[in-house]
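Biologist: I'd like to learn how to read a fold from the chain level down. Could you walk me through this one?

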Amino acid sequence: MWRRIWNLKLPNKIKHFVWRVVHNIIAVRGNLWRRGVDINTNCVQCNRVHEDGGHLFLKCKHMREAWALLNLEQICQKLVEQTTAHDVVKVLLSLDRKVQIQSIILMWMWWDDRNKVREGERGRLATELVFAVQIFASEILKEGVHGSRMQLRRIDKWKKPEEGKLKINCDDAFYSEHKPGGWSFIIRDHVGDVIYAGRGVIQHCPDPFHAEIKACVQGVKQALNMGMGHIVVETDAEMVKQAISSYTYDASDAASLIAELKDLLDDNFLSWDVKSVPRSCNSVADALAHAGCVCASEADPEVVGLPDCIQVMVASDLAAPTV
Ligand SMILES: [Zn+2]
């Protein structure tokens, strides 16, 4: 079995993960508890059910949603029917390559996410997780893995817009519905110069999606104020792109903001595009959004004189890509 795992065309870190799954030595709370560690064994992600491998990777609510979004419900069901971790991996190894890679990466990313949540970070929504899985899986399927030194996370970087267009990167910061959230945007031209950077606080923010749409509305309004004709809006939330290009979220709580954004775009620009990009392409906006959370409500949205840490990030976006 180990040889078959080792032959998977995946980065070593992920193969080690699969190996730990086979031996059921992933440090889920249920396993720690079995080894005598006195801890609360509720699932880190949903906090409702005893956390063992079967629950965390196959039955936990958000994970079920993620399997379904990837059209892998049947695979998930087949894995649920297995009685041991060893059998689960046996099924994984027997799958068609594309399905196999997606399934393994989903489990691995979910585990990574779970550990971040345990450290107090915000977990990714199922849609965000699935987006990351699809990107990473397609890169692996496309390029293969070149030796064991392959960089695990190929860093996608921010790209300059075409000449004549301006790019608006938007992002949100969200901690919980009981804490203020933040929105931000940064507008840059085709040589990467910053035209405008804005951020602000949202006192009562129900969820990250709201904050993300709010960020886009603010960025697009500013572009309009400045008389820009051709814009590209970038966000790291796939849901925003879906909200703009479909009616999927028109009945959601964020409906009025979505309608406002659609109208702003349709009525005022010669050309526009809304793209979803990996987080690594949106890091400046991400940092600004966190600054937004601690703003006063009445603060001027413009960030005049970017702080050094943000300037470093802007410069890094323009540096040669690290692949
Ligand atoms: Zn759970």
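Modeller: Start with domains; their bounds come from an automatic or database domain assignment. Here that gives domain 1 (2–143) and domain 2 (166–318). Keep in mind that this is a predicted model, where local features need pLDDT of at least 70, side-chain atom pairs count only at pLDDT 80 or more, and totals for chains, interfaces and linings use all residues. Residues are numbered from 1 along each chain as its sequence is written.

Biologist: How far apart do the C-alpha centres of domain 1 and domain 2 lie?

Modeller: They lie 32 Å apart. Two residues are in contact if their C-beta atoms, placed from the backbone, lie within 7 Å. The contact between these domains takes five residues from domain 1 and seven residues from domain 2. On the domain 1 side, there are two nonpolar, one polar and two charged residues. For those classes, Ala, Val, Leu, Ile, Met, Phe, Trp, Tyr, Cys and Pro count as nonpolar, Asp, Glu, Lys and Arg as charged, and the others, Gly among them, as polar.

Biologist: How do I read helix packing, and at what angle do α2 and α8 cross?

Modeller: Axes are lines fitted to C-alpha atoms, for helices over the stretch in contact, and angles run from 0 to 180 degrees between N-to-C directions. The axes of α2 (residues 12–22) and α8 (residues 97–118) come within 10 Å and cross at roughly 90 degrees. That is why α2 and α8 are called roughly perpendicular, a label for angles of 65 to 115 degrees. In the contact, I14, F17 and V18 of α2 meet I104, W108 and W111 of α8. By class, the contact has six nonpolar, no polar and no charged residues.

Biologist: And sheets: in what order do the five strands come?

Modeller: Two strands pair if DSSP finds at least two bridges between them. The order is β3-β2-β1-β4-β5, in an open sheet with mixed pairing. At the edges, β3 (194–202) and β5 (271–276) each pair on one side only.

Biologist: Which way do the paired strands run, parallel or antiparallel?

Modeller: Take them pair by pair. β1 (residues 166–173) and β2 (residues 181–188) run antiparallel, joined by seven bridges, with D172 opposite W183 in β2. β1 and β4 pair in the parallel sense over five bridges, and K167 stands opposite V232 in β4. β4 and β5 are also paired in the parallel sense, over six bridges; there E234 faces K275 in β5.

Biologist: Which strands does helix α10 lie across?

Modeller: Helix α10 (residues 208–225) lies across β1, β2, β3 and β4 (230–235), at about 35 degrees to β2. Helix α13 (residues 283–293) packs on the sheet too, touching β1, β2 and β3, and its direction makes about 140 degrees with that of β2.

Note on methods
Helix = DSSP H or I, 4+ residues; strand = E, 2+ residues; numbered from the N terminus. Parallel < 35°, antiparallel > 145°, perpendicular 65-115°, else oblique.
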